[in-house]
Amino acid sequence: EVQLVESGGGLVQAGGSLRLSCATSGFSFDDYAIGWFRQAPGKEREGVSAISRVEDSTYYVDSVKDRFTISSDNTKNTVDLQMNNLKPEDTGVYYCAAVRVPNIGSYFDEYEYDYWGQGTQVTVSA
């Protein structure tokens, strides 16, 4: 059974940092890439970052480049999202998701993804 479980969310002041973790099970990183998405209140879910070990690639949406870093630990089957210099507009529920590789679509398109975690809340106060 495929499972993804997010952790690490919380409340932080603007300029602070959080590290999210996505614990995965039931599949291999050789077959799937992992993406992070977020959904702010009243807004659509948007792709934030993704990592593909097979393709040796990482992806970031422009709004988080140079602030967020995605990484994977293949021994623990986890994918982390280090978030620095957080801004109030980063507030939302953060989800990790898995998509089979090679992915011919966009890593920022939620409809490409096959499996999802339950989400973790990130709140950044001004």
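P102 sits in the loop between β9 and β10 (115-116). Strands here are DSSP runs of E, at least two residues, numbered from the N terminus. The peptide bond from V101 to P102 is cis, with omega near 0°.

A word on the source. This is a predicted model: local features need pLDDT of at least 70, side-chain atom pairs count only at pLDDT 80 or more, and totals for chains, interfaces and linings use all residues. Residues are numbered from 1 along each chain as its sequence is written, and side-chain values use heavy atoms, with hydrogens and water left out.

Back to the backbone. Most residues other than glycine have a negative phi, and most peptide bonds are trans. N77 is not a glycine, yet its phi is positive, about 55°. N77 lies in the loop between β7 (68-73) and β8 (78-83). N85 also has a positive phi, about 50°, without being a glycine. Its loop runs between β8 and β9.

The cut-offs: buried is under 20% relative accessible area, exposed is over 50%, partly exposed is in between (1.4 Å probe, protein chains only).

Now the disulfide, meaning a pair of cysteine sulfur atoms within 2.5 Å. The count is one. C22 is joined to C96, S to S 2.1 Å. The link of C22 and C96 is right-handed, with 70° about the S-S bond. It ties distant parts of the chain: C22 is in strand β3 (residues 18-25), C96 in strand β9 (residues 92-100), 74 residues apart. C22 has 0% relative accessibility, so it counts as buried. C96 is buried as well, at 0%.

How values were computed: Helix = DSSP H or I, 4+ residues; strand = E, 2+ residues; numbered from the N terminus.
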